[in-house]
Amino acid sequence: MEKLEKEQLVAYCGLYCGNCGKFQKGKCPGCAKNEKASWCKIRTCCMENKYATCADCATMTPRSCKNYNNLFAKFFEVVFKSDRKTSVEYIKEHGREAFADLMIDQNQMVIKKQKK
Ligand code: SF4
Ligand code: SF4
């Protein structure tokens with residue numbers, strides 16, 4: 001996969017769409033192009049601000065932003081054992097390409113929540 005494609009498959013919230021079954025089966029074009037995902041406040045916010053992901057956010061981090069900390073987001077984290085906040089921090093530190101590479105290596109869509 002070429003560099004640009006890999007980067008573009010990193011969703012605004014810190015998921016790697018390239019490893020999603022729906023994407024791989026051709027049932028979803030990935031977050032950025034998925035117009036059905038207009039319900040998502042994270043996606044809408046990043047698009048309005050022209051951010052590639054929340055790692056570019058000038059005012060908030062996923063730990064402080066209410067869009068990551070509502071009931072739905074917490075439910076999502078528990079069910080999928082996902083840690084999108086840490087994923088966004090990883091993107092901030094290493095970039096989208098390195099995050100995509102990590103997810104490809106681990107065959108995951110997101111950094112998994114560590115057991116406490
Ligand atoms: S972290 Fe920033 S870019 Fe992401 S949803 Fe919150 S306010 Fe928007
Ligand atoms: S939760 Fe929102 S930003 Fe994340 S993949 Fe889904 S639609 Fe995209």
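**Briefing: ligand shells and helical fold**

The shell around ligand 2 comprises eight nonpolar residues, no polar residue and one charged residue, where Ala, Val, Leu, Ile, Met, Phe, Trp, Tyr, Cys and Pro count as nonpolar, Asp, Glu, Lys and Arg as charged, and the others, Gly among them, as polar. This is a predicted model, in which local features need pLDDT of at least 70 and side-chain atom pairs count only at pLDDT 80 or more, while totals for chains, interfaces and linings use all residues. Residues are numbered from 1 along each chain as its sequence is written, and chains are lettered from A and ligands numbered from 1 in the order in which they are written.

**Ligand surroundings**

- Around ligand 2 stand Ala-11, Tyr-12, Cys-13, Leu-15, Cys-31, Ala-37, Cys-40, Ile-42 and Arg-43; a residue is near a molecule if its C-beta atom, placed from the backbone, lies within 6 Å of it.

**Tyr-51**

- Beyond its neighbours within four places in sequence, Tyr-51 is in contact with Cys-46, Asp-56 and Cys-57, a contact being a pair of C-beta atoms, placed from the backbone, within 7 Å.
- A C-alpha separation of 7.9 Å relates Tyr-51 to Tyr-12, 39 residues apart along the chain.

**Overall fold**

- The chain has six helices and zero strands, these being DSSP runs numbered from the N terminus (helices: H or I, at least four residues; strands: E, at least two).
- The radius of gyration, taken over C-alpha atoms, is 13 Å, close to the 13 Å of the globule rule for 116 residues, so the chain is as compact as a globular protein of that length; the rule is 2.2 Å times the number of residues to the power 0.38.
- Along the principal axes, the C-alpha atoms fill a box of roughly 35 × 35 × 25 Å.
- Of the 116 residues, 27% count as buried.
- Among contacts with a separation of 6 or more, 63% join residues 24 or more positions apart.

**Helix H4**

- Zero of the ten residues of H4 are buried, so this helix lies largely in the open.

Technical notes
Two residues are in contact if their C-beta atoms, placed from the backbone, lie within 7 Å. A residue is buried if 20 or more other C-beta atoms lie within 10 Å of its own, exposed if 12 or fewer, and partly exposed in between; C-beta atoms are placed from the backbone.
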